[in-house]
There are 2 protein chains.
Amino acid sequence: MSSASLAKVAGSVKIAVDAMGGDKGPQEVANGVIAAAQQDSHHYFLVGDPNLLKPVLSAARPLPKNVEIVAASEVIEMNEQPTTAFKRKPNASIVVAARLVKEKQADGLVSIGNTGAAMAVSMLTLGRIKGIDRPAIAAPIPSSKGTVVLLDAGATVDCDPNNLYEFAVMGTVYSEKIFGVKRPRIGLLANGEESSKGNDLVKRTHILFQQAAIDNPHFEFIGNVEGRDVFRGEADVVVCDGFIGNVFLKTGEGTAEMLLQMLKTELMSSAWLKALSATLRPAMRRVRKQIDYAEQGGAPLLGVNGVCVIGHGRSGAYAIINACRVAEQAIQQNMLDTIRQRICLAPSPPPQL
Amino acid sequence: MSSASLAKVAGSVKIAVDAMGGDKGPQEVANGVIAAAQQDSHHYFLVGDPNLLKPVLSAARPLPKNVEIVAASEVIEMNEQPTTAFKRKPNASIVVAARLVKEKQADGLVSIGNTGAAMAVSMLTLGRIKGIDRPAIAAPIPSSKGTVVLLDAGATVDCDPNNLYEFAVMGTVYSEKIFGVKRPRIGLLANGEESSKGNDLVKRTHILFQQAAIDNPHFEFIGNVEGRDVFRGEADVVVCDGFIGNVFLKTGEGTAEMLLQMLKTELMSSAWLKALSATLRPAMRRVRKQIDYAEQGGAPLLGVNGVCVIGHGRSGAYAIINACRVAEQAIQQNMLDTIRQRICLAPSPPPQL
């Protein structure tokens, strides 16, 4: 019986949260987990240094009975090399959290620490889903037509067409299960919409995806999409290698940051506009909210043999709550089982151009 | 004697403009060229269908004497395959414009038509600068610290480290000559700032750039930069392959478009905000202006043995004027001669990881 189906039987799920990561420190993570726990009946393992976590938990009112501190004596720091750190620190918080999932005490894990470490530890502890060669981080992107899933956002930087095919299958399941999209349209991120566009990888992948659309009834390939199409919601799942995906996300973040800064500068440029800006603040806040990573909470690391949600290092308590919600939904919706079934419908091997 | 130095002797330069490209049609291009000509004493060749161009020119007041129509009976359409079209249409406007440069009647060319065609025709007609293997489009990007040059924006999608080295050298000269940056800082676009980050291409290029920084006094390599660093102006020249560069630009465009749309929707959401929005319009317009491609006018295609500026297909008259200004500056500043000198300072061959 998989951990996901266990969870369903129990009605509530069990989440292990690595409390020692994130820019804002363990107290912030603990506060997020406590707030999540106060809202529902799921069980939360708060993994980290009890000396730091206990005081936060004891001070919580109402005291949540569904939060349990699990001691972990070590921490993998942001600058540590993931696989080396994994070997050297068997009692690091992220390792202990992954072990809880491995041993089926928890149904999934959430981490906002060193992303590389969270990936390496999950892969090494939980292994891969059979049929998946490389993992992918599936980032939710706001668009004018709803949430678009972009993957890979940075787990696998050098890919072949088969990796991208697996990403597409996993992203489709994520889009269906978490965002309720009926028949997710798959787009291949490229430098032009025409099928002749793309670098060598994209051109070869395009051919493979066309074949997959014939062979696999769940594979709705709509062709190449461009960077700007993503925000217009022209596809539900956008597939690219982890290098491009990472550049994409950081470019979007950078553009938004620059634009909002410019607008702020403009609003401060005259006394009249300055007076207005107080009135505008709620509108600006609503725009920020729409593009805020904290609203999404976290991105699942797909391909790992266990539910693993990675949050932004800057996550505050609110983002932590949402990251826990993503993990809970993935578990309750049996996301991993569906990925396991779908990945069996593999296409023929990729053609060589 | 190069065309660039000819131009300097003459005091004014000669620009061939492909009048038949662009989403807004030949009249719009003609209007841009006429407006540019009215402001200076450079000579402009307006290349295209005289039946369309003559009426626009005759109607101009004051009538500019420095605009000359050069007949071209064919047009390479947006959807045509570039090299095939080049062979089939020897009298296409872009081919005639490139020939004017080849025959030293013009010092440079401007095109806002089919980008692929402009590149292919320029390369096939004018050839490459000796020592440059592949061309790059150098896109100017607004940042909080001035204009950043990003290249390649889409000319060469599959690159090796040596290609990227040549892009860096050309981009540095462009930054110096057109934007007046004294010692341009070169950044390598990657998925993290640490030198260990990057896909296989970026990792190999990083090592090559480190060596080049030792060997070449003009090569100020500052390491990897992330997508968001570009808008913060953390480098003056940002180097990447043409696939990534294209995704970068379109992602930035898409994010800005989405954000401004969201803001507009918010401002329309209540009568009170709606009333304010008229007051805000000038501020919004100034923000738009800062990020508008039309302000930059065009991006030079570097590596070609002649000055060639490519404008956005959506360019209106204003963007055309600015594209002509970019071409004029490149000619007057002897940009190509400097690239020729600098490319001789080639580094050792790239290491294989």
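Here is what I looked up, entry by entry.

**Ground rules.** I am working with a predicted model, where local features need pLDDT of at least 70, side-chain atom pairs count only at pLDDT 80 or more, and totals for chains, interfaces and linings use all residues. Residues are numbered from 1 along each chain as its sequence is written, and chains are lettered from A and ligands numbered from 1 in the order in which they are written.

**Symmetry.** I laid chain B on chain A. A turn of 180° and a shift of 0.0 Å along the axis give an RMSD of 0.0 Å. That is how a two-fold axis relates copies. The superposition is by least squares on the C-alpha atoms of residues with pLDDT of at least 70 in both.

**Interface.** I looked up the contact next. It takes 40 residues from chain B and 39 residues from chain A. Here residues are in contact if their C-beta atoms, placed from the backbone, lie within 7 Å. Which helix of chain B gives the most to its side? Helix 10 does, with 19 residues. Helices are DSSP runs of H or I, at least four residues, and strands are runs of E, at least two, both numbered from the N terminus. By class, I found 19 nonpolar, 12 polar and 9 charged residues on the side of chain B that touches chain A. Ala, Val, Leu, Ile, Met, Phe, Trp, Tyr, Cys and Pro count as nonpolar, Asp, Glu, Lys and Arg as charged, and the others, Gly among them, as polar. I also noted that 98% of the interface residues of chain B are interface residues in chain A too, so the copies meet through the same surface.

**Domains.** Chain A has domain 1 (1–132 + 303–333) and domain 2 (139–292) in the domain assignment. Such bounds come from an automatic or database assignment. The C-alpha centres of the two domains of chain A lie 26 Å apart. I found 7 residues of domain 1 in contact with 5 residues of domain 2 in chain A.

**Strand 12 of chain A.** I ended on residues 307–310. A:Val307 and A:Val309 point one way, A:Cys308 and A:Ile310 the other. All are buried, with 20 or more other C-beta atoms within 10 Å of their own, C-beta atoms being placed from the backbone. Strand 4 of chain A runs parallel to strand 12, joined by 4 bridges. Pairing needs at least two bridges found by DSSP. Strand 11 of chain A pairs with strand 12 in the antiparallel sense over 2 bridges.

Conventions:
Contact = placed C-beta atoms within 7 Å. Buried ≥ 20, exposed ≤ 12 C-beta atoms within 10 Å, placed from the backbone.
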